[in-house]
Amino acid sequence: MLAAVSQPAPEQPTEAEWAAAVSAITRLPADGRILLICHVNPDGDALGSMLGFGLGLRRLGVRQLQATFPGRPEVPEPFREMPGLDLLVPATAADPDPDLVICFDVAAVSRLGDLADRLDRAGAAIVLDHHASNTRFGGIHLVDPDAAATSVVVEKLLVRLGVPLDAGIAECLYIALATDTGSFRFDMTTPAVHEMAARLLATGIRPGEISRRIFDTRPFGAVRLYGDVLGRTQLEPSGAGGLGLVWTYATLEDLSRHGQRPYTLEPLIDSVRCTAEADVSCVLKQVAEGEWAVSMRSKGGTDVSRVAVALGGGGHRLAAGFTGYGPVSEVVDAIRSELDRATAVAGRGDAAGRDQGQP
Ligand code: AMP
Ligand code: MN
Ligand code: MN
């Protein structure tokens, strides 16, 4: 389970933790087997951090190397040209007892699905992450809640391993950084984030081409699907304690009618959350009969991770999610009540304040 957001946020990695991670990697024998795992339904940060680090390990001479994620092995369309994809294996083919497991962008064991058993069976486990809600699973923690993306932690570990950036590594880390900062628009886009972007761009990668591929390319069917789903968006100005709630849902039937895969719906929340009249936005994406993957965002007035954690999920203060069960009306009712509770708590002035809202 995820830690309650009211618990103290984890601190930055210590020198001892960095040293332990470096030695777990460099002390492996030449035939040592490493398994890289990122979270279920991988986003740009999960895949980019994992594959970028995988390419770095390759440069170090690691040969017995696999990268994987739980669930269907399908890579979302926008990421199908990412460097390092040849490292990927389906979860069913992942090494059952690797010498070392390294997890990327995974806040809790539940996000590892069927691959969670590798943690117990591996000789050692390193966790690279930036979620304040990280539950500190695994052995060696490189968890930096102030990092804009897990790829920030990855770059630091590559430096400590003496691996220089090349264009392949840089493209992976750039996709990760651009995804989690909303293309360098969110508040955690610090000078350090732009400095990292500058180091990545200096390898010669093309930001325009990468952004078009990752953010601005969609099949026509997806454009029509968005039309249907956005057309049923509801605005509740009195929701979220009067800050406004906007929400919509997409069914499996919507997807099949337009011939689209579920990951097509991932950017949908960005089209809903721009609603001026609402602080909180929600998208319910059907994953099975009576089961919904719920994405929530706030513009700053609401701690949506409180709501998500209360409903069995997790995330960041301004970007969180959970799995909802039952008909749409019941899931939205549950969100409404938890939002009222969260805004009442925030009104008392003890909302968790440290998290930055990064996905
Ligand atoms: P998403 O809306 O899918 O982009 O997710 C936003 C953030 O919420 C992610 O970075 C995750 O940290 C978190 N999150 C989403 N779904 C879940 C879930 N079912 N369980 C735990 N955390 C989740
Ligand atoms: Mn992620
Ligand atoms: Mn991330």
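Arg 273 is partly exposed in this predicted model, with a relative accessible area of 22%. Its side chain forms a salt bridge with that of Asp 270, the N to O distance being 2.7 Å. Asp 270 is likewise partly exposed, at a relative accessible area of 37%. Elsewhere, Arg 72, Glu 74, Glu 77, Arg 80 and Arg 261 are joined into one network by salt bridges that share partners. Over the whole structure, the search returns 26 salt bridges.

A salt bridge between the side chains of Arg 136 and Glu 17 has an N to O distance of 3.7 Å. Arg 136 belongs to the loop between β4 (124–129) and β5 (140–143), whereas Glu 17 belongs to helix α1 (residues 15–26); the pair therefore ties together parts that are 119 residues apart in sequence. The two partners fall into separate accessibility classes: Glu 17 has a relative accessible area of 17% and counts as buried because this value is under 20%, while Arg 136, with 33%, is partly exposed.

Asp 228 and Arg 257 also meet through their side chains in a salt bridge, at 2.7 Å from N to O. Asp 228 is partly exposed, with a relative accessible area of 31%. Arg 257 is assigned to the partly exposed class on the basis of a relative accessibility of 40%.

Terms used: Residues numbered from 1 in each chain as written. Chains lettered and ligands numbered in written order. Predicted model: local features only at pLDDT ≥ 70, side-chain atom pairs only at ≥ 80, totals over all residues. Heavy atoms only, no water. Salt bridge = Lys/Arg side-chain N within 4 Å of Asp/Glu carboxyl O. Helix = DSSP H or I, 4+ residues; strand = E, 2+ residues; numbered from the N terminus. Buried < 20%, exposed > 50% of the residue type's maximum accessible area, 1.4 Å probe, protein only.
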